[in-house]
Amino acid sequence: MSEPAPREANPKLFEALKGSRIRDENLNRLGKRLVYQVHILLKTAHIHLAGNAALAQPSERLVKTVEEILEWRGAAHLHHEGDHLYLDDLRLKMDLEGYIGFTEVIDNFRRREIGSVRFLDDVSPQEVIEFAHLWMTTSTAGTLQELLSARGVQHIAIEPPSSHLPSTHPERVTQKAVAKRTYFRTITAVAEVMESVKLKQAVGVKKSKRVVQGLVDMMLQDEMTLLGLTTLRSHDEYTYSHCVNVCILALAIGQRLGYERSHLSDLGIAALFHDVGKAEIPLDVLNKSTDFTPEEWDMIRRHPILGVKSLLRLKGLDEISTKIVIAGFEHHLNYDLSGYPRLATPRKLTLFGRIISLADCYDAMTASRVYNRIPLAPDKALRLMLKKSGTAYDPLLMKVFVNCMGLYPVGTIVALDTGELGVVIGAHPSPDRRGRPILKLIRDASGREVDGDTIDLADPTLSPTRRIVSTADAASMQIDLTRFFL
Amino acid sequence: MPVGSSNADQAVQPEAPDREEIESAREVMRALAKTLKAYKMYLPEHAFRRRFREDLLARFRHHFDRHGDLVLTVKPYEFWYGSVAVYEEPNRFENLAFRCSADGLREVAFQQGLTPEEIEGFIGILSGDTRPLDEDIVTRLWETGFAHMTYVVADATDGAVEPSLATGGARPPSAHQAAGQPDTPKNVVADSGRSNEETIPIGLPDESDTRVYVLSEEEILALQREVAADAEQDFVAQLIDILTSMLALDDDEQSFLEVLHILDEIIVTSLRQGQHRRATEVLKQLMTLAELGSRISDRSRALIRVVWTELGTWERLAAIEEALNQRGAWDGNDLVEYLSLLPPSSVAGLITLLERVQTAKGRRTVCDVLIRLGKDDIETIIRRLPSAPWYLARNLIYVLGCLADLRALPALETATRHPEVRIRKEAMRAMELIGGTRVAEIIPQWLGDPDESVRLSAMKASRKFPLVKTIEALSAMIMEKSFARRSEAEQRELFDALADIGAEAVLPLLRTLIARKRSWPWRSLESSDRRVLYAVDAARRIGTPAAAELLKDTAATTSGSIREEARRALHELQRAPCRVGER
């Protein structure tokens, strides 16, 4: 088949907008719409025969979307890599709204070993209908392409999967460096604010805002790199790194919920300072290595209230302080209000409060706390939290959180049936691959430390195939996680 | 959106711009500087602001059409286009580049399609007041998210130091672990205070249990609804709720006071910002907490009452002065509701507020509240009256009239002798509303007021208090030489009042007036005819058979207009006879 040449887009306009947000946002919007329409089309084709009128509207809509995309660029190229969908080189953001459509389309791509679908100029609704039906009846990309050609479908092209962007790719390395820098700048910003609170000076959050905005931008582009950084711990400055980790985890949840940028930024700030009340607790109590006395417990449990008072006293009542104060007050209340401080009358927790509560607990459980030098392995922490879904934690947000983190969250040490040991560096968002994360091999079958490959346990071409047989925690195995994420 | 770090390498070096292109960029920057100045000098609706903005947009478009994007490098005191400075400003405090550079901006690019709203927004960011502790140009640019602008921010040069990170596993295993026992987390979430008695899960997670991570369509919808509602969330209301919860916990006194103080500030800030409903809600919550039967201590209750009392002082009430002085239409119901919650001791503060309010609507609003609260503290209003300036006194008299309390009568009577006629009239009206024998006794005095409008009001009021003294006073006024000098309206009103109050008792006087019409010493035929006509009309108003007799006699013994008037009055009586008291 001779492929018609892609349409010439307005090169000056395109170049002028290249890299600009308007291009990305528009393409993201159109891409998500395209994915959704593909999903609907395939669902409809599954139910109805080719000539059925029910297919007319989905196919016409899809063609219209393709035409809009072609206005911006020369081709509408939908492809998947790993667990993501791309419109040409733009990774499409999956959020709550597109959740079902995305996962189903990715699943469809994967089952048929299809890497991409390319819609060309002048594609017609008839061709789209034909494509949908042939899709449902074939099992491989090659067969599908042959059938499309045979049926005279000239404006839709199918391609097999291409390779992933490897983790050592220069673009990945740069992203990691930027993420790391932003992470440490955020710790500094938190420390400055906490010091202001300790010294009872006026509190400004300008620097914190800047870094949180940076985290939001990064989260929208590369969630996994940031989540990897939450495995970092500062033993002596636990509070600061904890605040940053809670911020990142909260942003991950917020992003999945589909919060807009500015709202995500607010969430990030609220999460960053959820423990501002701890600035009023003496360090020797906070960092105590033995059990708390009842009086010390009482002091610890007062930190949500101390945070409210400190911040309002030092910052006054404004939009930002309000949100920080609310999150700070609520984050230990528990979903069923069984936490602290005890309330005289019940209240409905804000969404911010519930999100930060989840993030706070997960990070605390997986941290090397001063008074418990053995952290919980991430997967164990998650399962412990799942037991309390509906009581301590909002059940729906718990599900969203598991979606973010996977069943084996980043930082989990896993033992494989081959005898190898790996550390989870990425999770799969799709439901059927949640139990098969992306790993970096750190010990070979003989137990020797290696700087091993990155492998995707869900990759059907992985050889030899591997499966997880157990998990371990890094502390007991004396594994330094930081070198994998820094 | 920031597109990168200033340390990032440029893949392609653009061609050096030519002279025309540079000049175009310079024109844009000149227009931008002028527009910023205009925004500082003129009010938002001023035509100059729009003119400068439109000129700026035109310059941008001109540049886009001819030369494409406008990409500017931000230097400490200059903006550069390519390698040429296109903006300079010697005054550092006015220098736009200095501000942008200080906030970390290193490059800003404007793109084809830039809209007037985006220019407005950008100018707003550059010229608006920022809260320097919380935001700067970069954070505001990010928040606004202009579609046709990109920018580059300085890389980390702020001295961020990597903390030394402890490793997650660099510690020896615990004794438990060494013994191969499952590790029960000790204080594992101690700082979160959650129960730490659970055993750590063993084995692998159950991948087949999709309930833990698969969201149903209903669940997704529920979350979407929550997220949408969150965007509209009233966070301040949530905060208030939290603060009152903290109060209800009734911790130590110091803590209680601190939170109470915060709520007090929220009330005052809300009032200042015109959010009266919010202030009302907070006050209501405090009052509910202070009620007997609530769980807080008596001491705490007393503290709340102190705050409640202080809210009624002038220092606190001053926060609403601006709201009361606003022009145009506004809804005062929320404000009245708030003020009505204040204690009776607030009357003094409200009087001070009333004195300062300059709009009629504002004064009416405060008066309405004084009427509600003044029931329990009328003495304060009465005491203030003698020393009040006339405009305040008038309003206080109005309030006293509405309160209709006899205790106010002496002060009001004094006010009926006030030099200012508006005060005298208001005092009369107020006394009328209060009623009582004293009011009836004092009416003849009002009839002698030097101001006609006061006299007229007194005549109207006299109908409610028909005393012989009043009839005598009215009669005397009719008989006096000065009657002729009164206005027609007053002359008529005198006879009307006489007829209404005196009824048949004044018929002899009327008869005398009619009979002696040519005997008046002033010898003005016109005025004597007018008086007789009034007398005839008065008889008609009385309307009794005796009055009708008088009219018949008058018709028979007079001529001209008087006879006609008598006949007409008689005819009217015969058609629809009515008596005084039945009208």
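In what order do the five strands of the open sheet in chain A line up? Keep in mind that what you're looking at is a predicted model. Reading across the sheet, the order is 9-8-7-6-10, and the pairing is antiparallel. Going from one strand to the next, the twist averages 40°.

Let's zoom in on one pair from that sheet. Strand 7 (residues 421-426) and strand 8 (residues 438-443) of chain A run antiparallel and are joined by five bridges. One place to look is A:G426, whose bridge partner in strand 8 of chain A is A:I438.

Now hop over to chain B. Here strand 3 (residues 78-81) and strand 4 (residues 84-88) also run antiparallel, held by four bridges. B:E78 of this pair stands opposite B:E88. The two strands form a hairpin with two residues between them, and there B:G82 takes a positive phi near 65°.

Back in chain A, have a look at helix 15 (residues 319-330). Its 12 residues reach 17 Å from first C-alpha to last, close to the 16 Å expected at 1.5 Å a residue. At the start of helix 15, a side-chain oxygen of A:D318 comes to within 3.1 Å of the backbone nitrogen of A:I320. Helix 15 is largely enclosed by the rest of the structure, because 11 of its 12 residues are buried; among them are A:I320, A:K323, A:F329 and A:E330. And what does the covering? It includes helix 8 (206-221), helix 11 (261-272), helix 14 (303-315) and helix 16 (351-366) of chain A, along with helix 8 (235-249) of chain B.

Notes
Residues numbered from 1 in each chain as written. Chains lettered and ligands numbered in written order. Predicted model: local features only at pLDDT ≥ 70, side-chain atom pairs only at ≥ 80, totals over all residues. Heavy atoms only, no water. Pairing = 2+ DSSP bridges. Axes fitted to C-alpha atoms, helices over the stretch in contact; angles between N-to-C directions. Expected span 1.5 Å × (residues − 1). Buried < 20%, exposed > 50% of the residue type's maximum accessible area, 1.4 Å probe, protein only. Contact = heavy atoms within 4.5 Å. Polar contact = N/O pair within 3.5 Å; in protein donor to acceptor, adjacent residues only side chain to side chain.
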